[in-house]
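This report goes through one protein structure, from its overall form to a few single residues. Please keep the sequence and the 3D view at hand while reading.

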Amino acid sequence: MDGTEHLSVRREGATLVLTLNRPEARNALSLPMLVGLYDGWLAADADDTVRSVVLTGAGGAFCAGMDLKALADGEMAGQEYRDRLAADPDLHWKAMLRHHRPRKPVVAAVEGPCVAGGTEILQGTDIRVAGESATFGLFEVRRGLFPIGGSTVRLQRQIPRTHALEMLLTGRPYSAREAADVGLVGHVVPDGTALAEALAVAERINACGPLAVEAVKASVYETADLSEAEGLAAELERGWPVFDTADAKEGARAFAEKRPPVYRRA
């Protein structure tokens, strides 16, 4: 796929890299960006040669959220994309991972501001890497708005509720170290290296059996709100068929022969 003027796409081996590309606005969300994002999620899942996705931002920023200036003026950039939005009124929520979960693992590489809608998109990713100077936060209440991208539901499930409520109700910024301390991000790395670290994480995922990886991700999310007994039953149903795949047999052979496995998604 070619992306859009606000969303660039490139391949790094088996990883699809999606870059929010509107640096002059700190990668504030726009219609071209949202359309490009949704198309990127679909493209990754449709292509079996893609085994992971890295989401990042251009120009030293991740995403500053919605373009409030354009919203206040009653207009958004990219009017030519309105037909897409009219055809699928849910497209923006799918793009922001509120109503869509890619089956491939998504690794976020965050530099600079990742606030408001940026923090909401972040909650839809699976693994998160942040540069030391990255900032996070849900500023909506300070502006008389509601973080409707899913944060009042997801955040308390991803970090302790007391921290989730403080972030939601105060609208204050959080440093990368604070975000790591409460569990919002998993890695804090020197500034300028978040993308390299995210790609390294993605490469480690890519070296694993793709059918197993996708089944493990699906099981984690499917069982999150089940009782332990229900979750274990669902895990068995999701995981047992993986043992009958050619990938599983290849993994066992490669281990016995002390060589890297060659997986073919079968």
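## Terms and model

A residue counts as buried when its relative accessible area is under 20%, as exposed when that area is over 50%, and as partly exposed in between. By this rule Lys217 is buried, because its relative accessibility is 10%. The model described here is predicted.

## Overall form

The protein has twelve helices and nine strands. Along the principal axes, its C-alpha trace spans about 60 × 40 × 40 Å. For 266 residues, a compact globule would have a radius of gyration near 18 Å, and the 19 Å of the protein agrees with that.

Of the 266 residues, 48% are buried. Among contacts with a separation of 6 or more, 68% are between residues 24 or more positions apart.

## Surface and charges

The accessible surface comes to about 12900 Å², and carbon and sulfur atoms account for 56% of this surface.

Asp181 is a residue of helix H8, which covers residues 176-182. Is Asp181 buried or exposed? Its relative accessible area is 69%, so Asp181 is exposed. Thr245 is 64 residues from Asp181 along the chain, and the C-alpha atoms of the two are separated by 39 Å.

## Salt bridges

How many salt bridges does a search of the whole structure find? The search finds 16. One of the pairs is Arg10 with Glu12, where the closest N and O atoms are 2.3 Å apart. Both residues are partly exposed: Arg10 has a relative accessible area of 34%, and Glu12 has one of 36%.

Another salt bridge joins Asp126 and Lys217, with 2.7 Å between the closest N and O atoms. Asp126 sits in the loop between helix H5 (117-122) and strand E6 (127-131), while Lys217 belongs to helix H10 (residues 210-222), so this pair ties together parts that are 91 residues apart in sequence.

## Two residues with positive phi

Arg26 is a residue other than glycine with a positive phi, near 50°. Arg26 lies in the loop between strand E2 (15-20) and helix H1 (31-46). With 46% relative accessibility, Arg26 counts as partly exposed.

Leu97, again not a glycine, has a positive phi near 65°. The place of Leu97 is the loop between helix H4 (91-95) and strand E4 (106-110). Is Leu97 buried or exposed? The relative accessible area of Leu97 is 1%, so the residue is buried.

Definitions and conventions:
Residues are numbered from 1 along each chain as its sequence is written. This is a predicted model: local features need pLDDT of at least 70, side-chain atom pairs count only at pLDDT 80 or more; totals for chains, interfaces and linings use all residues. Side-chain values use heavy atoms; hydrogens and water are left out. Helices (H or I, at least four residues) and strands (E, at least two) are DSSP runs, numbered from the N terminus. The radius of gyration is taken over C-alpha atoms; the globule rule is 2.2 Å times the number of residues to the power 0.38. Buried means under 20% relative accessible area, exposed over 50%, partly exposed in between (1.4 Å probe, protein chains only). Contact means heavy atoms within 4.5 Å. Accessible areas come from the Shrake-Rupley method with a 1.4 Å probe; for residues, only the protein chains shown count as cover. A salt bridge is a side-chain nitrogen of Lys or Arg within 4 Å of a carboxyl oxygen of Asp or Glu.
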